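Please examine the sequence and the structure shown here. The paragraphs that follow treat the pocket and then the aromatic rings.

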Amino acid sequence: MKISKEHAEHYKWGNQCDGWHLVKNKQLSVIHERMPANTAEVCHYHQQAQQFFFVLSGTATMDIDGQRIVLQANEGIEVQALQPHQMRNESLEDVEFLVISQPNSRGDRQPF
């Protein structure tokens, strides 16, 4: 079945951030997310899920195990299970990105 952001299940998170579930099953999650300027996710890790973050537009900053990585459009980074990480938008524009989790990270998130 064809899926688009316009027809996907939508949710709000954090400080005015958006997410759209493009794929949502036990083994795989693909989410399109939007973070407005100067917003951040809380630092956390996942017990089981490995994740891949891919920036579609804007500039994102990812902290992984204390290392700061700046991601531009068309760049991505893998995060292994148990690695503390935090996505931030330190820019003045929205950042949109994909978060691909295997297995699905729902209920797997732990604060750091």
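In this predicted model, the largest pocket has a volume of about 500 Å³. Its lining comprises 26 residues, of which Y11, I31, E33, S105 and R109 are the closest to the centre. Several strands contribute to this lining: β1 (9-13), β2 (17-24), β3 (29-35), β5 (44-46), β6 (50-57), β10 (85-89) and β11 (95-102) each provide at least two residues.

Attention now turns to the aromatic rings. A pair of aromatic rings is described by the distance of the centres and the angle of the planes. Across the whole structure, two aromatic pairs are found. One of them joins F52 and F54, whose ring centres lie 6.3 Å apart with 25 degrees between the planes. This pair counts as stacked because planes under 30 degrees apart fall in that class. F52 is partly exposed, at a relative accessible area of 32%, and F54 is also partly exposed, at 24%.

The rings of F53 and F97 form a pair with centres 6.3 Å apart and planes at 40 degrees, and the pair is therefore tilted. This pair connects distant parts of the chain, since F53 belongs to strand β6 and F97 to strand β11, 44 residues apart. F53 has a relative accessible area of 5% and is buried; F97, at 1% relative accessibility, likewise counts as buried. Both assignments follow because buried means under 20% relative accessible area.

A further contact involves a charge and a ring: K5 is placed over the face of W20, at 4.6 Å from the ring centre.

Notes:
Residues are numbered from 1 along each chain as its sequence is written. This is a predicted model: local features need pLDDT of at least 70, side-chain atom pairs count only at pLDDT 80 or more; totals for chains, interfaces and linings use all residues. Side-chain values use heavy atoms; hydrogens and water are left out. On a 1 Å grid over the protein atoms alone, a cavity is a set of points where a 1.4 Å probe fits but cannot get out, and a pocket is an open set with protein on both sides within 12 Å along at least five of seven lines; lining residues have an atom within 4 Å of a point. Grid points are joined across faces, edges and corners, and a volume is the space filled by probe spheres set on the points. Helices (H or I, at least four residues) and strands (E, at least two) are DSSP runs, numbered from the N terminus. Rings of Phe, Tyr and Trp (its six-membered ring) pair if their centres lie within 6.5 Å; planes under 30 degrees apart count as stacked, over 60 as edge-to-face and the rest as tilted. Buried means under 20% relative accessible area, exposed over 50%, partly exposed in between (1.4 Å probe, protein chains only). A charge sits over a ring if NZ of Lys or CZ of Arg is within 6 Å of the ring centre and within 35 degrees of the ring normal.
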